[in-house]
Amino acid sequence: MDKLSAYSAYQGSSANYVRNGKETSRSSAQGTSRTNRTQQDKTADKVGQNELNLSDEAKDLLQELKEKYGNMDFMVAHFSSDEEAQSYLSRGTKDYSVLIDPETLEAMAADEETKEKYINMIDEATTKLDDVKEELSEEAEESGSEIKSIGITLGDDGTVSYFAELEKAGAKQKERIESSREKKAEEKKADEKKAAQEKAKERLKAGYGESLTNTEKKTTMVSASSIEELLEKIRSVDWNAVKAEIPETGSRFNCTI
């Protein structure tokens with residue numbers, strides 16, 4: 001084989017190696033996406049089946065709750081752990097998600113006093129969560145992250161648990177957030193602008209994780225038994241410990257820490 005033929009063969013081999021490497025990486029990401037979609041489908045099936053098995057009275061109450069709280073997704077399912085509850089709540093598409101086990105909903109439907117007790121719990125919890133979203137909005141922007149969804153679970157023992165799904169933006173979204181924050185800062189006095197910039201620098205120095213590419217995202221969920229605990233956990237998320245994903249269009253990822 002002459003030198004020219006040998007060089008051409010080498011180039012072809014290198015190109016195949018690079019191409020195969022990219023295809024392997026892409027295949028791995030797509031495999032993760034399919035796994036997550038499969039899990040979401042199974043979760044949706046469980047929720048649907050649980051709702052079908054409810055009594056007529058409980059079904060009527062569920063519809064009543066959905067109509068009364070138009071900004072909430074109500075889900076009915078058995079759950080025995082925070083991780084299982086998170087898998088249900090992460091399906092929510094509205095401002096808030098509420099997960100109720102079937103027995104609790106049946107008890108609400110059978111007794112007016114029990115119904116009022118849990119409705120008061122929902123009202124109180126969402127009022128607190130409104131405050132959380134407002135309090136954390138600026139802090140989340142400074143870290144390049146945002147609160148994607150917030151939800152609660154109502155246990156048959158009368159307890160409420162709080163959950164929050166967080167997402168760290170890719171480069172383009174982070175750039176948009178930075179631009180928005182700078183625009184707001186320009187409208188303030190010079191000393192306020194300087195203070196805001198210094199605060200942002202300090203937060204970045206504290207380490208909010210490595211920068212992400214335009215297509216990469218990081219998501220994680222935190223849970224707590226009180227609003228105060230939820231705030232603390234949201235503020236202490238270590239994004240370096242959360243794996244970055246390259247989502248397909250219409251896909252959602254949930255990397256729990």
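Predicted model: local features only at pLDDT ≥ 70, side-chain atom pairs only at ≥ 80, totals over all residues.
Good morning. I begin with helix 8, whose face turned away from the buried side carries two exposed residues, Glu 228 and Glu 232. On the buried side of helix 8, which spans residues 227-235, we find Ile 227, Leu 230, Leu 231 and Ile 234. Viewed down the helix axis, the buried residues of helix 8 fall within an arc of 100 degrees, so they line one face of the helix.

Five strands form an open sheet in the order 1-2-3-4-5, and their pairing is mixed. Strand 1 (72-76) and strand 5 (218-224) are at the edges with a single partner strand each, so one side of each has no neighbour in the sheet. From one strand to the next, the twist averages 20 degrees.

Within this sheet, strand 3 (residues 145-154) and strand 4 (residues 160-168) run antiparallel and are joined by nine bridges. Leu 154 stands opposite Val 160 of strand 4.

Finally, the aromatic residues. How many aromatic pairs does the structure hold? There is one. The pair consists of Tyr 69 and Phe 74, with 6.0 Å from centre to centre and 50 degrees between the planes, an arrangement classed as tilted. Are Tyr 69 and Phe 74 buried or exposed? Both Tyr 69 and Phe 74 are buried.

One further ring deserves mention, that of Tyr 96. Lys 133 lies over the face of Tyr 96, at 5.2 Å from the ring centre.

Thank you for your attention.

Conventions:
Residues numbered from 1 in each chain as written. Heavy atoms only, no water. Buried < 20%, exposed > 50% of the residue type's maximum accessible area, 1.4 Å probe, protein only. Helix = DSSP H or I, 4+ residues; strand = E, 2+ residues; numbered from the N terminus. Arc of directions from axis to C-beta. Phe/Tyr/Trp six-rings, centres within 6.5 Å; stacked < 30°, edge-to-face > 60°. Lys NZ or Arg CZ within 6 Å of the ring centre and 35° of its normal. Pairing = 2+ DSSP bridges. Axes fitted to C-alpha atoms, helices over the stretch in contact; angles between N-to-C directions.
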